[in-house]
Amino acid sequence: MLTRKFKTRPFMAAHTDTAHGSHAGGGHGHDEHHEHEHESMKTFGFWLFLMTDCILFATLFATYIVLKGNTNGGPTAHELFEMPGIIASTFILLTSSFTSGLAVLAMHKKNVKGLIMWLGVTVLLGASFVALEVTEFIKMVHEGATISTSAFLSGFFTLVGTHGLHVSLGLFWMIGLMIQLSRRGITPVTQRKVNVISLYWHFLDVVWIFVFTIVYMMGVM
Amino acid sequence: MLEKIKEFAGDFFVTGDPLIYGADVSIALALISIITVLTYFKKWGWLWREWLTTVDHKRIGIMYIIASILMLFRGGVDALLMRTQIALPDVHFLEPEHYNQIFTTHGVIMILFMAMPLMFGLFNIVVPLQIGARDVAYPFLNSLSFWMFFFGAMLFNMSFVIGGSPDAGWLSYAPLSELSHSPGVGQDFYIWGIQISGIGSLATGINFIVTILKMRAPGMKLMQMPMFSWSVLSSCVTIIFAFPILTVTLALLFLDRYLGAHFFTLDGGGNPMMYVNLIWMWGHPEVYIVVLPAFGIYSEIVATFSKKKLFGYKSMVFAMMIISVLSFFTWLHHFFTMGSGADVNAFFAITTMLIAIPTGVKVFNWLFTMFRGRITFSTPMMWTIAFIPCFVIGGMTGVLLSVAPADFQFHNSYFLIAHFHQVLIGGVAFGYFAGLYYWWPKMFGFKLNEKLGKWAFWLWNIGFYVCFMPQYFLGLDGMTRRVSEYSWDMGWGPLNLVSTIGGFLMGIGFLFQVWQIAHSIKFMERDTTGDPWNGRTLEWSIPSPAPLYNFATLPQVQNQDDWWEDKQRKANGLPSTKKPQPLEPIHMPKNSAIPFIMSVCWFVAGFGFVFDWLIFAIPGMIGVFICLLARSFSYDTDYYIPVDEIKRTEAALRGAN
């Protein structure tokens, strides 16, 4: 086998393969094995990144909770939030998490078309979520509730906006990935990329559940 | 038109101070000479291919160290300017505004742009070699981290001559750092310089955790890992939990200043104390982030130069991990005076005191490692031995400060200044110097001159005590930090003068170090063994400097201090337990220009946000985005080094033995 830069089990390198050095030919079993390890390490790193993102959102939540009573005479959460729209966008985002799961299932069945199709559905749902959020923000600004109105609104726009920014970046990322999939099909590399983006997408879903509960539900209660 | 340009330039460039004009001239001269030298010797291509686009951890490490030494110079000059201003009563060397800027930049530079990169430099050079890996987990990301740090630091330093430096203290407490109290661009330089380099630090944290957990040599169990690598792991775990808080805090401050939000403002319902809480929730772990690797360095050095196994390996590991966890529960001790009530203060006082326990365990372990060892007094060991009493005193004054009721007296006095310089210089700087001396031969293939090194050592050490011991008493006499001028009747003159003399002694010590490096480059013999200190860990088993791929075949590890055990077996005439491994093609990452270009784009965007010039900010951010996409679409990112080439390289390196 080819000497690996990365290792997971001790003494694996003790195996030898007469075919070493034949990398140019490519595609033999050990090479894929090597690539697989390489890719699983990247997924592990992405889990760590998600942990840092968790802390980032935790800090924003803490700030929001500390400041949410400071409305500075401006509108309160109760007056501002319109739940039907929020519930609609919640369902849209939850559904998109489900469809991203379907995309991963299609990938496991080696079904490239199904994979790209479900990713496409996820992008559309994600885009409608962002559109609803932007509409909500614009409406609030027209009602005079801006980021500089009060500390409560600063916290609100920043927390919810950061989540929205994450979703928007995910959309571009997912479109880029769809193009790569259509060119290269399902390889260990694209497979890892699909796994990673679906982790990201589920993570944003979980964060949204907290946003929905802490910001909106507790706001109108 | 001309008037307009004049007016603009008057605001844009910092004017009116001869010191700054001097700096302007020297910066311009340095730039011109660098460009001339590179062009004359036709080195632009070399610089680009071998350094700016490299993903080799050893080269990235060297670049980190060069940058940090430059920053040590700048931060040190800041320190000496301050000490000159307050050496005697009623001195008018610096204006109060200028003094504010200098203590701000001194703090930021020393912690974030000197200690952090020096630490990352040592991580990069040592960790992969020590755990028997061929690179870090994500070499591309590693290069990106470096360039983000570098351009973040450049952006911050630029404020010195363009726009004006930040002047709200190294942590820029709100509301002083808000637009209402700091309307200039200095504060925006602070936000963006630190933000850009902070994202790089966060990525380095992730990178080294994965490297250490996933890429150790075959057979190396976690509990056989060299202590420095353990300290890096504990430091990086702290980084990934602490740095996102900094990112958010700076972003919120930016939103306050840029969009008129009310997070930390005095009006609109903002809460300035929220800023102080958040910044210390990062800031306190941050000091442990920089000191833990120093503990690791001392552990390596003390074992090597006592010729003994490190005493209490397991307790060392547990102590460091406990420190990383506890570091997140002490932040409020920086502001007991906020008035959170007796219960809250008591909680944070106790958690702070608890940290003294694992630290004490470590001190005893180092002492017991030396006990009955055959100690060699080379420069790395001298710094280590000097560190122990220094850090013990610093630790004890820390415990004094942690007593919440007493802290109301010590708070923001020179007692505090003396305490944290004692742990940061005596702990962090001494440790990194020791590490630099210790691993220098691994980086460059020759040792640093011992005689000049000892001069530097004594100057630094004597200078340190002369400088900071008087400050404890100044603090008890009521001198508060950030005072730029005092009158004769305060009675602080004599001790301040002594302190300033000590500061300059350390400055001379630094000059000796520079001389030492220059002298050693010219005169020191090449080390052909790869193991000049008779070391214990894997990095000493390969030639110095290490070849691109580090290890021709991956080492098979069976013991803690595996290289030492191997040498002992050989010395006793026993056969090696290692089976020779056949050479195989080595998988390596390709160089990439994207990290450099992307960091330049961040720099441009940051500059645009500082001056609120969207013509810079928007293209900069678009550039960052394009770089991300370009990386995502590039699949040709690695290659194999053929066996023949490895054979040739090894023959050239080992043949010299």
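Chain A comes to six helices and zero strands. Helices here are DSSP runs of H or I with at least four residues, strands are E runs of at least two, and both are numbered from the N terminus. Along the sequence, chain A reads α-α-α-α-α-α. This is a predicted model, so local features need pLDDT of at least 70, side-chain atom pairs count only at pLDDT 80 or more, and totals for chains, interfaces and linings use all residues. On bookkeeping: residues are numbered from 1 along each chain as its sequence is written, chains are lettered from A and ligands numbered from 1 in the order written, and side-chain values use heavy atoms, with hydrogens and water left out.

Staying with chain A. Of its 221 residues, 52% are buried. Buried means under 20% relative accessible area, exposed means over 50%, and partly exposed is in between, with a 1.4 Å probe and protein chains only. The accessible surface of chain A is about 9,900 Å². Carbon and sulfur atoms hold 70% of that surface. Areas come from the Shrake-Rupley method with a 1.4 Å probe; for residues, only the protein chains shown count as cover. Now contacts, meaning heavy atoms within 4.5 Å. Take the chain A contacts between residues at least 6 apart in sequence: 79% join residues at least 24 apart.

Next, chain B. It has 20 helices and two strands. Its C-alpha trace spans about 75 × 60 × 45 Å along the principal axes. Buried residues make up 60% of chain B. Among contacts between residues at least 6 apart in chain B, 82% join residues at least 24 apart.

Now the cores. A nonpolar core is a set of buried Ala, Val, Leu, Ile, Met, Phe, Trp, Tyr and Cys residues joined through side-chain atoms within 4.5 Å. The largest one holds 245 residues. Those touching the most other members are Phe81(A), Phe156(A), Tyr216(A), Phe113(B), Trp282(B) and Tyr432(B). Helix H9 of chain B, residues 272–306, gives the most to this core: 20 residues. Apart from it lies another core, of 13 residues, including Met479(B) and Trp492(B). What does Phe156(A) contact, leaving aside neighbours within four places in sequence? Its partners include Tyr64(A), Phe81(A), Met140(A) and Tyr216(A).

On to the rings. Rings of Phe, Tyr and Trp (its six-membered ring) pair if their centres lie within 6.5 Å; planes under 30 degrees apart are stacked, over 60 edge-to-face, the rest tilted. The count is 95 aromatic pairs over all chains. One of them is Tyr64(A) with Phe152(A): tilted, 6.1 Å centre to centre, 50° between the planes. Tyr64(A) lies in helix H1 and Phe152(A) in helix H5, so the pair ties together parts 88 residues apart in sequence. Tyr64(A) is buried, at 1% relative accessible area. Phe152(A) is buried too, at 1%. In chain B, Phe189(B) and Phe611(B) are edge-to-face, with centres 5.8 Å apart and planes at 85°. That pair joins helices H7 and H18, so it ties together parts 422 residues apart in sequence.

Last, charges over rings: NZ of Lys or CZ of Arg within 6 Å of the ring centre and within 35 degrees of the ring normal. Arg59(B) sits over Trp51(B), 4.8 Å from the ring centre. Lys214(B) lies over the face of Phe44(A), at 5.0 Å.
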